[in-house]
Amino acid sequence: MEVKRTHAVPVSQPHKTTVTPIQNSSNNNDKNTTNFIKTALREYGMMLSLLIIMVFFQYMTDGTLLQPLNITNLILQNSYIVIMALGMLMVIVAGHIDLSVGSVVGFIGALAAVLIVNFQLNFILASIICLITGAVIGAAQGYFIAFFKIPAFIVTLAGMLIFKGLTLALLEGQSIGPFPDGFQMLSSGFLPDPIGNTDFHVFSLVIGIIAAIALLLSKIIQRIRHTKHGIHTEPFYFFIAKNGSFAGIVFYFSYLLASYKGMPNVLAVMSVLIIAYTFITNRTVLGRRVYAVGGNEKAARLSGIKTARVSFTTFVNMGMLAALAGLIFAARLNTATPKAGSGFELDVIAACFIGGASASGGVGKVMGAVIGAFIMGVMNNGMSIMGIGIDYQQVIKGLVLLAAVFIDVLNKNKAL
């Protein structure tokens, strides 16, 4: 018997329509704005902190902090700390530390005094010898650290003791000075004004205006490039507000300097170094390798980077910048003293950590270190004007340093 197979005909189901919620563009814009603000706060948090500290001390000192004379003194007093912070940043980013920089400052100042004052050597030639000596000191310490793998803490602690002793030996326990006027101009001199106006230095103001315009143009060009390549950029109004504020700050401080004696020579030196080291850390192979070594030395070595050579280079660089700072400090004091540079290493290391450098290496920015140095400088200056004793100044600076490192560790734990 043949069985007929019947095929079931599927019953058509009613068509279901899925409703896709329409995303609210205004909500997206709000989210993007919030994200950009959070990113900006992370990136420019230290700059904002510096401004808040300056406003606080400006109020507490009845307007003394931002007087043109005090701004000039603030730059002169912190120039050698800023210069050493540039070198220390690279050392810390590479995963090391240098405790000898303060002693090297004192030793180089003593060497300059012996060469210039005692031996009557030309101050330019003596300065070159001192810079080379600083590089040799950095190379000697870096050699033990990089190639013999002796911890930097131990090597530079030994260096601190060695160069303190050599400073006393060179000076024979006495101060040597004064220096020639030409050598003093390195620290206490000001850029000449071609216009010749003694009451207001127009040339310094013009330099500030050019710097502000250059800052704006560089940011505009960068934004155009990002837009052209499809890189997500910050909202236009936020871009204008942020960079307009920076340009305004540059102009304002240039005006303050111009209304006193103009732009100090050491500020010009600092500016050139800051631009150079920003370029080195962001745009060069050496800069990228320093960050790679500090981030993960083993991975960097396996990828073909000669990690020992990179670490060695950072200490040579640190030694040379410490020598430059020693020359500037000696020129500012107009004498070399046995106790010169004492405690400088603490201010320099604190400036880097406050500026966002990580104690474990691999993280840190040049501008962060510079801002950290000026935070320390403004705090020292403001507390001195307010009459706070050196004892409580040290306590407050220690607490600020501890807070900066605590925030760094807290952010790392959150990331994990």
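The protein chain of this predicted model contains 15 helices and 0 strands, taken as DSSP runs numbered from the N terminus (helices H or I, at least four residues; strands E, at least two). Residues are numbered from 1 along each chain as its sequence is written. Local features need pLDDT of at least 70 and side-chain atom pairs count only at pLDDT 80 or more, whereas totals for chains, interfaces and linings use all residues; side-chain values use heavy atoms, without hydrogens and water.

Of the 416 residues in the protein chain, 44% are buried (under 20% relative accessible area, 1.4 Å probe, protein chains only). Among contacts (heavy atoms within 4.5 Å) with a separation of 6 or more, 79% join residues 24 or more positions apart.

Helix 3 (residues 101-118) and helix 5 (residues 152-171) cross at roughly 25 degrees, and their axes come within 8 Å; axes are lines fitted to C-alpha atoms over the stretch in contact, with angles from 0 to 180 degrees between N-to-C directions. The two helices are therefore roughly parallel (angles under 35 degrees; over 145 is roughly antiparallel, 65 to 115 roughly perpendicular and the rest oblique). The contact of helix 3 with helix 5 has 10 nonpolar, 4 polar and 1 charged residues (nonpolar: Ala, Val, Leu, Ile, Met, Phe, Trp, Tyr, Cys and Pro; charged: Asp, Glu, Lys and Arg; polar: the others, Gly among them).

Helix 13 (residues 344-354) packs against helix 14 (residues 366-385) at about 120 degrees, with the axes 7 Å apart, which makes helix 13 oblique to helix 14. The residues of this contact comprise 8 nonpolar, 2 polar and 1 charged.

Conventions
Buried < 20%, exposed > 50% of the residue type's maximum accessible area, 1.4 Å probe, protein only.
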